[in-house]
Amino acid sequence: MSSNWQRLLLAAALCANAVACGDSDRANPASRDSTANISVSKEGSELWVQGDSLDRQLIADDGQDYEAAISSDGTRIVVDVVLFSNLQVTRLMEWNEYAGTFEFARNLSQEAWRQAASELGIDIEVALNPRTRFVAWSADGNEVVLELSASTPDGRDILETRSLVLGPR
Amino acid sequence: MSNIRFTTTLSNEFATLFASCEIQPEKFDEVDDIVDRILADKNRYETVQRKLGIPWFFVAVIHNMESGGRFDRHLHNGDPLTKRTRQVPAGRPLDGEPPFTWEASATDALLMKRLDQIDAWSLSRILYELERYNGWGYRRFHPDVLTPYLWSYSNHYKSGKYIADGTWSNTAVSRQCGAAVLIRRLEQRGEAALSVASRRRVFFKYSPRSVKDRADDLQRFFNTFPGVSLRVDGLAGQKTSDVARQLFGHYLSGDPRSDE
């Protein structure tokens, strides 16, 4: 119980921080980027990233639609991907300094659903219309808050918030 | 993910799958319960049909797939109608103010997909648009598994699906009735008016001098009845037509004796 409260308080704090920062990351990602000046754009069923020192790079083309949020230091991008109309996942892309590109780093949905499945006693193999979405970055970009939603075959709604620690870059 | 074109080959594939679609017997009651619920709200789906020209049952089965048939949720992604959508696509509908009516939200979701621009809603086109609506991931990355979005609870689907975290599982089984299966049951109950052309099509015609497609299958089927013994040659002539009359009470279409 106490861990649940701690998690909720942390999520609330991160959300409050995101609000306090003014415009959301999604609304104008470049405005909060002080280093790489990167931005993302949707073109049909593809998601692209580009910046002052970054050639235009395709970062997703396996979904129907996307939303992206860039960390304040411009080295991480969280991408919400609609894989199917009834399945949305969230991925982490990280800047690879040596390669000079963003690379897939973690399936955040997998970590979030594993946590939720363990704590709520649900089977993610049978969850209906499962979706994760980005909610907020922590100020230092080392944590991210996701929201999970789904329903169970017996009609129970699931709506959970999870904070995932990414660690420092 | 790039689109897949609606070709004649694909159209035939959908038609063949639908024609051979059988609901799993152990799922039949569950399917009928969903169909009952859909029919109870048929007038709401028909409202959308009148506005956009999209068959009401197409809207109904998407509604069942995307938000469990709930009228307090956006058709886009199952978010509550009390606010604009938060998940992708976020901020929909663009026009109007929350809370939205289900009809206004559904209209926005379907217009976003440009489904109002389709002229001819044949059976195959309906199935194509359903799979397109959900996404081509099964067809592109796991072509050995027919998408459960259409075929779950039927003889065309056993296992294999993308689970909640977006990873593929060969053993996971969809616990949601497929959209095509619901349409199949609606058709069986006389509720889904599918392509008039296909309804009126005569499959087997009297043809004593040229081999017709699947006439040999018809002759094999006839041969399963006691006392019937036809040569399986694909020529649907007098003897084949005689058996048709013996079994069904009338000759094959086009048999000159039909007019006697």
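This is a predicted model: local features need pLDDT of at least 70, side-chain atom pairs count only at pLDDT 80 or more; totals for chains, interfaces and linings use all residues.

Reader: Start with chain A. How do β8(A) and β9(A) pair, and over how many bridges?

Author: They run antiparallel, with 7 bridges between them. β8(A) covers residues 128–137 and β9(A) covers 143–151. Across that pairing, Trp137(A) sits opposite Val144(A) of β9(A).

Reader: And the hairpin there, which residue takes a positive phi?

Author: That's Gly141(A), with phi near 75°. The hairpin has 5 residues between the strands.

Reader: What does β9(A) do with β10(A)?

Author: That pairing is antiparallel too, over 9 bridges, with β10(A) spanning residues 157–165. Here Ser151(A) faces Asp157(A), which belongs to β10(A). The hairpin of β9(A) and β10(A) has 5 residues between the strands, and Gly155(A) has a positive phi near 95°.

Reader: OK, switching to the contact between chains. How many residues does each chain put in?

Author: Chain A gives 33 residues and chain B gives 26. On the chain A side, the elements with two or more residues in the contact are β4 (65–70), β5 (76–84), β6 (87–96), α2 (108–120), β8 and β9.

Reader: Which of them has the largest share?

Author: β8(A), with 5 residues.

Reader: Now chain B. At what angle do α3(B) and α4(B) pack?

Author: About 115°, with the axes 8 Å apart. α3(B) is residues 42–52 and α4(B) is 56–67.

Reader: Left-handed or right-handed crossing?

Author: The crossing of α3(B) and α4(B) is right-handed.

Reader: Which residues meet there?

Author: From α3(B) you have Lys42(B), Tyr45(B), Glu46(B), Val48(B) and Gln49(B), and they meet Trp56(B), Val59(B) and Ala60(B) of α4(B). By class, that contact has 5 nonpolar, 1 polar and 2 charged residues.

Reader: Last one: where are the domain bounds in chain B?

Author: Domain 1 is 8–198 and domain 2 is 215–259. Taken over C-alpha atoms, the centres of those two domains of chain B are 40 Å apart.

Methods:
Residues are numbered from 1 along each chain as its sequence is written. Chains are lettered from A and ligands numbered from 1 in the order in which they are written. Axes are lines fitted to C-alpha atoms, for helices over the stretch in contact, and angles run from 0 to 180 degrees between N-to-C directions. Helices (H or I, at least four residues) and strands (E, at least two) are DSSP runs, numbered from the N terminus. A crossing is left-handed if the near helix is turned anticlockwise from the far one by less than a right angle, and right-handed if clockwise. Two residues are in contact if their C-beta atoms, placed from the backbone, lie within 7 Å. Ala, Val, Leu, Ile, Met, Phe, Trp, Tyr, Cys and Pro count as nonpolar, Asp, Glu, Lys and Arg as charged, and the others, Gly among them, as polar. Domain bounds come from an automatic or database domain assignment. Two strands pair if DSSP finds at least two bridges between them.
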